[in-house]
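Please read this briefing alongside the sequence and the coordinates. The notes are grouped by topic, from overall form to single residues.

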Amino acid sequence: MRLRSVNLPPRRGIALLEVMIALGILTFAVASISSAIVGGQQQSLEARGKIVGSVAAESLLSQITQVPWETIDSWHGYVEEVGSITDATGMPLEGDWSAIGRKVSVIEDEVQVSQLEVFIIGRTVTVSSFTKDGRTLSTIERFVPEPQS
């Protein structure tokens, strides 16, 4: 008796091991993409906060430099707590503004113009914006010279 060779039909379908490998690769790809998107959103929110903080600090600094020079010292130690920033009419600002506060420092200062050998007396005004957890978003500093009479 002679054995006949049996032709096996070609294999069809996917083996379980191949499915597991493909699933692992797909999971890794989705996790990587999701991580990149979340990281980008966090950076975008951080940049937005810094921009709003800079605008808030610059706005208060502009307001301070408009007062008479003799009264600038009265701003030293001024603090607006987080959520208490108001517009010109006294209404609280909402949105991103409600998440920041501002503080002011004023120090007497002297600037030397070395080429002219001249000293200019004035005050350096520093305005910082900060978050609820105390993190500084922006610090802006400006020298305000004493007016000459």
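What follows is a short account of a predicted model, with each term defined where it is used.

The model is predicted, and for that reason local features need pLDDT of at least 70 and side-chain atom pairs count only at pLDDT 80 or more, while totals for chains, interfaces and linings use all residues. Residues are numbered from 1 along each chain as its sequence is written, and side-chain values use heavy atoms, with hydrogens and water left out.

**Fold and overall form**

- The protein has one helix and four strands, where helices (H or I, at least four residues) and strands (E, at least two) are DSSP runs numbered from the N terminus.
- Read from the N terminus, the order of these elements is α-β-β-β-β.
- The radius of gyration of the protein is 32 Å, whereas a compact globule of 149 residues would have a value near 15 Å; the radius is taken over C-alpha atoms, and the globule rule is 2.2 Å times the number of residues to the power 0.38.
- Along the principal axes, the C-alpha trace spans about 125 × 45 × 20 Å.
- Of the contacts between residues at least 6 apart in sequence, 50% join residues at least 24 apart, a contact being heavy atoms within 4.5 Å.

**Surface and charge**

- Buried residues account for 21% of the 149 residues, with buried meaning under 20% relative accessible area, exposed over 50%, and partly exposed in between (1.4 Å probe, protein chains only).
- The protein exposes about 11,300 Å², of which carbon and sulfur atoms supply 58%; the areas come from the Shrake-Rupley method with a 1.4 Å probe, and for residues only the protein chains shown count as cover.
- There are 12 positive and 17 negative side chains, and the centres of the two sets lie 32 Å apart; Lys and Arg count as positive and Asp and Glu as negative, without His and the chain ends, and each charge is placed at NZ of Lys, CZ of Arg, CG of Asp or CD of Glu.

**Helix α1**

- Helix α1 covers residues 16-65, and its 50 residues should span 74 Å at 1.5 Å a residue, which agrees with the 73 Å between its end C-alpha atoms; the expected span is 1.5 Å times one less than the number of residues.
- The buried residues of α1 are V52, G53, A56, A57, L60, L61 and I64.
- An α-helix has 3.6 residues a turn, so residues three or four places apart point the same way.
- The buried residues of α1 pack against β1 (79-80), β2 (101-113), β3 (118-130) and β4 (136-145).
- Q43 is another residue found in helix α1 and counts as exposed at 60% relative accessibility; Q43 and E146 are 103 residues apart in sequence and 41 Å apart in space, C-alpha to C-alpha.

**Loop residues**

- P92 has its place in the loop between β1 and β2 and is partly exposed, with a relative accessible area of 48%.
- Leaving aside residues up to four places away in sequence, P92 touches I85 and T86, while P92 and E58, 34 residues apart in sequence, are 18 Å apart from C-alpha to C-alpha.
- G134 lies in the loop between β3 and β4, is partly exposed at a relative accessible area of 49%, and has its C-alpha separated by 38 Å from that of S114, 20 residues apart along the chain.
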